[in-house]
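The following exercises concern the architecture of a single chain. Each task is followed by a solution in steps.

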Amino acid sequence: MIVLKESDVHSLLSHISVSECHRLLADFHGILRAYSATKNAPSSEQTIHQPERESIVTRTGNTSLFMPSSITTSTAIKTVTISPKGLKGCINVFAPDGELLGVLNAEEVTAFRTSLAVMIPYIRWPNTKRNLVIFGAGRQAEWHLKLALLLGDVKHVTVVNRSSPRRMEWLFSDLQQRNPDLVCRVLLKTAEDFDSQLRECLLSSDIICCCTPSTTPHFPFSYLDKRSRFISLIGSYKPSMQEVDSETLLSGEHIYVDTKEGCLVEAGELIKANVQADKLIEIGELQDMRPLQTGGNLIFKCVGMGIMDLVMAGSLLGMAREKSMGLIVDDF
């Protein structure tokens, strides 16, 4: 059994090359394709098992999520708690016979796998990807920025946040050393002319990534012009949460999602807009690399699934074995 701490996971992921990222992306998309293709098959024929997540909300307001999954060749359960201090938890990965193969810190894996899911429609978006606006400054936002740079042609980044994000500013410094043409800035919600600055940066945006558990839209649809944009929404995970208004959500021909069932019951944006399943396309239904023509904005909503964590955790355990990283426990 291998135990991977947060620093181990961060080290493994922070040094991936473009080719390694594309390989991870292909493996990741492959399991989502298998999920979409087989989820309605008879249970006796299924090789992928993705039960609904369970949650506990305590009297103190902390939310714990329990996400089991199996791809037959391995099984996992992720347990995380979301509190005012952020997300904490772990992923346990098992062999088919129940042997515990590894335990991984969940924070970095969750942020990376969610951002990697966003990259599936992102790399198929045929329009310009030079101007990126990110709402939020946590790990999810960091990985959106890192992967968008790695797989796209981003030249200008604006991070919109409530307070000055030290981690993001350190990341800016590191990225600008490696990408001298990259322009980065933080737009604080406390700025005196925040609304006018926000409208200006949204009008010039090509990509908008929303990465916070907001209960109110980050911006009104009127702040966007008719130019098509890629808009990803990964922050809301409860019916009470909403990162964009209904007009923005419905501004594309379809809404791309990771899971129809999960998004229809968990994503506040979809629930408030009364979106039906026939409006949704799972990214697992995308079978090739053809560009996505949307007739408007390309909207992607992700609430996450256990199989995402299982596949990413399995890949990381393999990488750790190759590089002799992590704590080996032989007598568990």
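**Exercise 1.** Across which strands does helix α10 lie, and at about what angle does α10 run to β3?

*Solution.* The model is predicted. Step 1: locate the helix, which spans residues 306-322. Step 2: list the strands that α10 lies across, namely β1, β3, β4, β5 and β6. Step 3: take the direction relative to β3, which is about 75°.

**Exercise 2.** Determine the strand order of the open sheet of 7 strands, and identify the strands at its edges.

*Solution.* Step 1: the order reads β2-β3-β4-β5-β6-β1-β15, and the pairing is mixed. Step 2: β2 (54-57) and β15 (327-328) each have a single partner strand, so one side of each is left without a neighbour in the sheet. Step 3: within this sheet, β1 (residues 2-4) and β6 (residues 100-105) run parallel and are joined by 3 bridges. Leu4 has Leu104 in β6 as its bridge partner. Step 4: helix α3 (residues 106-122) also packs on the sheet, where it touches β3 (63-70), β4 (75-83), β5 (86-94) and β6. The directions of α3 and β5 make an angle of about 90°.

**Exercise 3.** Describe the open sheet of 8 strands and a helix that lies across some of its strands.

*Solution.* Step 1: the strands follow the order β9-β8-β7-β10-β11-β14-β12-β13, with parallel pairing. Step 3: on average, neighbouring strands are turned by 20° against each other, direction ignored. Step 4: β10 (residues 207-210) and β11 (residues 230-233) run parallel and are joined by 4 bridges, and Ile207 stands opposite Phe230 in β11. Step 5: α4 lies across β7 (131-135), β8, β10 and β11, and runs at about 165° to β7.

**Exercise 4.** Into which domains is the chain divided, and how far apart do their C-alpha centres lie?

*Solution.* Step 1: the assignment gives domain 1 (2-110 + 307-328) and domain 2 (115-305). Step 2: the C-alpha centres of the two domains lie 23 Å apart. Step 3: the contact between them takes 31 residues from domain 1 and 31 residues from domain 2.

**Exercise 5.** Characterise the largest pocket, and explain why it lies between the domains.

*Solution.* Step 1: the volume of the largest pocket is about 1400 Å³. Step 2: its lining consists of 50 residues, and Gly86, Leu87, Cys211, Thr212 and Pro213 lie nearest its centre. Step 3: the elements that contribute two or more residues to the lining are β3, β4, β5, α3, α4 (139-151), β8 (156-161) and α5 (166-178). Of these, α3 gives the most, with 5 residues. Step 4: by class, the lining has 20 nonpolar, 19 polar and 11 charged residues. Step 5: because domain 1 and domain 2 both give residues to the lining, the largest pocket lies between them.

Methods. Residues are numbered from 1 along each chain as its sequence is written. This is a predicted model: local features need pLDDT of at least 70, side-chain atom pairs count only at pLDDT 80 or more; totals for chains, interfaces and linings use all residues. Side-chain values use heavy atoms; hydrogens and water are left out. Two strands pair if DSSP finds at least two bridges between them. Contact means heavy atoms within 4.5 Å. Axes are lines fitted to C-alpha atoms, for helices over the stretch in contact, and angles run from 0 to 180 degrees between N-to-C directions. On a 1 Å grid over the protein atoms alone, a cavity is a set of points where a 1.4 Å probe fits but cannot get out, and a pocket is an open set with protein on both sides within 12 Å along at least five of seven lines; lining residues have an atom within 4 Å of a point. Grid points are joined across faces, edges and corners, and a volume is the space filled by probe spheres set on the points. Ala, Val, Leu, Ile, Met, Phe, Trp, Tyr, Cys and Pro count as nonpolar, Asp, Glu, Lys and Arg as charged, and the others, Gly among them, as polar. Domain bounds come from an automatic or database domain assignment.
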